Each structure stands twice: as C-alpha cells, then as structure tokens.
Amino acid sequence: MTLVVTPKLNKIEIMKIAIIGTGNLGSSIAKGLIKNESFTSLYLSDRNTKAVKNFESLDNVFVTNDNALAVEQSDIILFALQPKHIDGVLESVKPIITNDHIIMSVAAGVDTVRIENILGADKKIIRIMPNTAISIGKSMTCIAANAAGQDKVPLAEDIFNQLGTTMVIPEDLVQAATVICASGIAFWMRLVRATTQGAIQLGFEAEEAHELAVQTCFGSASLLIESGRHPEQEIDRVTTPSGCTIEGLNEMEHQGLSSALIQGIVASFEKINQLKKN
Ligand SMILES: NC(=O)C1=CN([C@@H]2O[C@H](COP(=O)(O)OP(=O)(O)OC[C@H]3O[C@@H](n4cnc5c(N)ncnc54)[C@H](O)[C@@H]3O)[C@@H](O)[C@H]2O)C=CC1
Ligand SMILES: O=C(O)[C@@H]1CCC=N1
C-alpha cells in the first residue's frame with residue numbers, strides 16, 4: 001500500500017477508491033479526484049468505459065468493466081449508477097462487500113434503507129449528493145449516513161471538501177438537497193442562457209453575450225460568498241431610485257420570476273419523491 005499525503009486533507013489517508021458507473025456524474029467525480037490526486041488507487045468501472053478511457057494511462061488509475069474487481073481492490077466504493085440500475089449491481093457485488101467497505105451512493109432518490117435492504121444494515125452506507133461542478137472542484141455536496149456509517153462521515157467530508165464545499169445534513173433532507181444543488185446546476189445554467197439571449201437581443205454577439213452573462217453570474221455569487229451579505233442587501237446597492245434596475249427587476253417579478261423558480265423547485269422535489277417510490 002502506498003501512503004498519499006494531500007495538502008487539503010492535511011493528514012495521511014489510504015484512499016483505495018472505486019467508482020462504479022462512470023457516466024456524467026461518476027466521470028465528473030473521477031476527474032475531480034484525479035485533479036487533486038486524492039487517492040492511493042482509483043478503480044473506474046462501467047459496462048461502457050468510454051467516458052474514462054483517457055484516464056487509464058494515469059498512475060494508480062484502473063479502468064475496467066469488472067465491478068467485482070473494482071470492489072475487491074478498494075475500500076471506498078462509490079456507486080454512481082442510475083436508480084434503475086443500482087439494485088441489480090448491489091445484488092451482484094453483495095457477496096464480496098464486507099463490513100470494512102465504505103459504501104457511498106449518489107443515486108438520486110435511493111435512500112440508505114434501500115441499500116441496507118440489499119447489503120445489510122451493518123454496512124457503512126453514506127449518501128453523497130454532489131453536482132457536476134465536482135469535476136472542477138466546485139461542487140456543493142451534501143452528505144448523510146446510515147447508523148453504521150456515521151463514524152465515516154468525517155472521511156466523506158475530507159474527500160468531498162477537496163472537490164468543493166460539503167454540508168452534512170439529515171437524510172430526510174437529501175431529496176431537497178438533490179433539487180437545490182444537483183438539479184440546481186441546470187436551473188442556474190438556464191438563467192445564464194436566458195440572460196445571454198437578452199444580451200443578444202440588445203446588440204451583443206453571442207460569444208460576448210455569453211461572457212457578460214457568465215462573469216456577472218460569477219461576480220454575483222462571489223459577492224455573496226465574500227461579503228456574507230443577504231442577496232437583497234446587494235440588490236439594494238444596485239437599484240438606483242427610479243433607475244433601470246428596479247424597472248427590470250419589478251417587470252421580472254410581475255412576470256413571475258421568483259414564483260416560477262420556487263414552483264420549478266417544488267415540481268422537481270415532487271418528481272424526485274415519486275422516483276423514490278419506484
Ligand atoms: N448527473 C448529475 O448531475 C447528477 C446525477 N446524480 C445521480 O447520479 C447517478 C448517475 O447519474 P448520471 O451520471 O447522470 O447517469 P449516467 O447514465 O450518465 O451514468 C450511469 C453509468 O452507469 C453505467 N452502468 C449502468 N449499469 C451498469 C452496470 N451494471 N455496471 C457498471 N456500470 C453500469 C452506465 O453505463 C453509465 O455510464 C443517478 O442516480 C443520478 O440520479 C446525482 C447528482 C447529480
Ligand atoms: O435529473 C436527475 O434526476 C438527476 C438527479 C439530480 C441531477 N440529475
């Protein structure tokens with residue numbers, strides 16, 4: 001075994017990690033881990049390894065179609081499978097999962113009880129809800145564990161703090177966190193896209209419009225993070241009395257901007273709760 005020291009972990013950890021399912025999210029997590037070199041070995045297993053084939057030349061990274069091999073060679077097994085596939089894969093690796101393994105799952109709507117029902121309640125199971133910004137180390141990742149997995153939550157925080165920001169939450173809030181943080185990437189992207197469309201209508205070239213929208217979005221988030229202020233305080237600083245900002249903002253609200261966002265979030269939440277029942 002090789003010992004790996006990572007600057008952000010600030011301690012020595014042996015990290016033998018497997019990711020089972022390397023599609024959109026699994027490959028994003030792999031990219032983030034590789035960027036940080038935060039593993040001793042990393043097994044990437046998928047029935048179709050196309051998304052991660054490029055990684056197989058890297059030191060200590062192994063790309064395979066063999067889920068069982070990835071499990072046997074690793075301590076932390078992260079399942080990044082769609083909800084409809086996860087039960088079958090868990091069943092197939094169940095005979096080789098031990099109480100020493102740390103099981104992590106990002107599957108939306110799949111709670112720890114569903115995983116316990118397959119692997120056993122004595123297994124350490126941690127639900128991880130990141131978003132695709134994990135590939136660039138900027139994910140907002142929520143973490144919740146079953147009873148047996150509670151003492152491994154700090155380890156999960158250590159891993160995912162290297163790939164963005166984490167919040168440990170009660171498991172009954174994971175569905176809500178999925179909507180706000182994981183689906184949230186799509187919601188914010190659409191807002192950026194709509195701003196770009198507006199900018200093009202006002203005369204900018206598409207590429208310029210995109211840059212203006214993205215940088216303004218980045219500046220807004222950075223203002224909130226760095227100042228710690230409430231969004232309305234920042235809005236008050238922009239809205240000159242009788243000015244153009246309040247004119248535009250009020251028109252957006254007349255058209256239902258906040259209401260549309262809230263209703264979309266609630267619709268998304270209702271859908272994820274339906275998925276949980278399937
Ligand atoms: N895409 C996102 O932004 C987020 C996704 N999630 C959850 O993460 C999970 C994965 O989502 P995506 O990556 O978007 O899905 P995806 O469909 O892109 O990736 C799933 C991967 O699993 C592989 N797979 C299926 N059966 C397999 C098997 N028997 N053995 C090995 N690999 C197998 C597929 O080939 C595919 O590459 C889902 O449960 C989703 O709800 C959670 C948060 C964010
Ligand atoms: O859309 C979905 O169902 C998954 C969960 C959150 C992001 N993608």
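Analyst: A residue is buried if 20 or more other C-beta atoms, placed from the backbone, lie within 10 Å of its own, exposed if 12 or fewer do, and partly exposed in between. The model is predicted: local features need pLDDT of at least 70 and side-chain atom pairs pLDDT 80 or more, while totals for chains, interfaces and linings use all residues. Residues are numbered from 1 along each chain as written, and chains are lettered from A and ligands numbered from 1 in the order written.

User: Which residues of helix 6 are buried?

Analyst: Val-174, Gln-175, Ala-177, Thr-178, Val-179, Cys-181, Ala-182 and Thr-196 are buried in helix 6. Of the 278 residues of the protein, 32% count as buried.

User: Why is Gly-109 called partly exposed?

Analyst: Gly-109 has 17 C-beta neighbours inside 10 Å, so it counts as partly exposed. Gly-109 sits in the loop between strand 7 (102–105) and helix 4 (112–119). Its C-alpha atom is 6.4 Å from that of Gln-175, 66 residues apart along the chain.

User: What makes residues 174–201 a helix, and what span does helix 6 have?

Analyst: Helices are DSSP runs (H or I, at least four residues), strands are runs of E of at least two, and both are numbered from the N terminus. Helix 6 has 28 residues. From first C-alpha to last, helix 6 reaches 39 Å, close to the expected 40 Å, the expected span being 1.5 Å times one less than the number of residues. In total the protein has 10 helices and 10 strands.

User: Where is the kink in helix 6 centred?

Analyst: The kink is centred on Gly-184 and is about 60 degrees; the bend is the angle between axes fitted to the seven residues ending there and the seven starting there. Just after helix 6, Gly-203 takes a positive phi of about 120 degrees.

User: Which residues surround ligand 2, and what makes them its shell?

Analyst: Ala-108, Thr-178, Ala-182 and Ser-183 surround ligand 2; a residue is near a molecule or strand if its C-beta atom, placed from the backbone, lies within 6 Å of it. By class, that shell has 2 nonpolar, 2 polar and no charged residues. Nonpolar means Ala, Val, Leu, Ile, Met, Phe, Trp, Tyr, Cys and Pro, charged means Asp, Glu, Lys and Arg, and the others, Gly among them, are polar.

User: How many residues of each class are around ligand 1?

Analyst: The shell of ligand 1 has 11 nonpolar, 12 polar and 2 charged residues. Of the 25 residues there, Gly-21, Gly-23, Leu-25, Ala-108 and Ala-182 come nearest. Helix 1 (24–36) and helix 3 (83–93) each supply at least two residues of the shell.
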